[in-house]
Amino acid sequence: MTDETIIANIERLREETGLSQDAVAIRIGISRNTYGNIVRGKTRILNENLQPLAEVFGVSIEEMLLGYKPCTPSSMVLKDNDNHQEQLHRLTEDYERRLSEDRVKIEGQAKQLDTLEKYVKTLQDMVALLQKK
């Protein structure tokens, strides 16, 4: 990572947060002139300014310097994967339970519909008989 890359990242973050160079300089406790020299590459960024800059932009120092959020350690990824697997298992069980309940409801409604169709057929037969008389 070069100084130019770091400066570009800082300026991008500044623009994304909608802050002026003056506002950033004031918030980290340096002059506007010093901040301007930093972004023009005339003055190096001091380590003591990194944390305040990251806080102003709401990112980690690593994210500010790299330009992206670094990956989590693999152990955390594995733990997250386990959590996702557990959540997926619970969601799948819930889905299957709801699906089973809906099937039972549909079967009940199908039986009711069949009963109603038989009832209507019986009524139609009775009407037909009455009309013959």
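**A tour around helix α4**

Helices (H or I, at least four residues) and strands (E, at least two) are DSSP runs, numbered from the N terminus. This is a predicted model, where local features need pLDDT of at least 70, side-chain atom pairs count only at pLDDT 80 or more, and totals for chains, interfaces and linings use all residues. Residues are numbered from 1 along each chain as its sequence is written, and side-chain values use heavy atoms, with hydrogens and water left out.

Zoom out. The C-alpha trace spans about 110 × 40 × 20 Å along its principal axes. Of the chain's 133 residues, 20% count as buried. Buried means under 20% relative accessible area, exposed over 50%, partly exposed in between (1.4 Å probe, protein chains only).

Now select α4, residues 47–57. Which of its residues are buried? Pick Asn-49, Leu-50, Leu-53, Ala-54, Val-56 and Phe-57. They sit on the same side of α4, because they cover an arc of only 155° around the axis. That arc is taken from the directions from the helix axis to the C-beta atoms.

Turn to the other side of α4. Glu-48 and Glu-55 are exposed there.

Next, show what covers the buried residues of α4. The cover includes α1 (3–17), α2 (21–28), α3 (32–39) and α5 (61–66). Contact here means heavy atoms within 4.5 Å.
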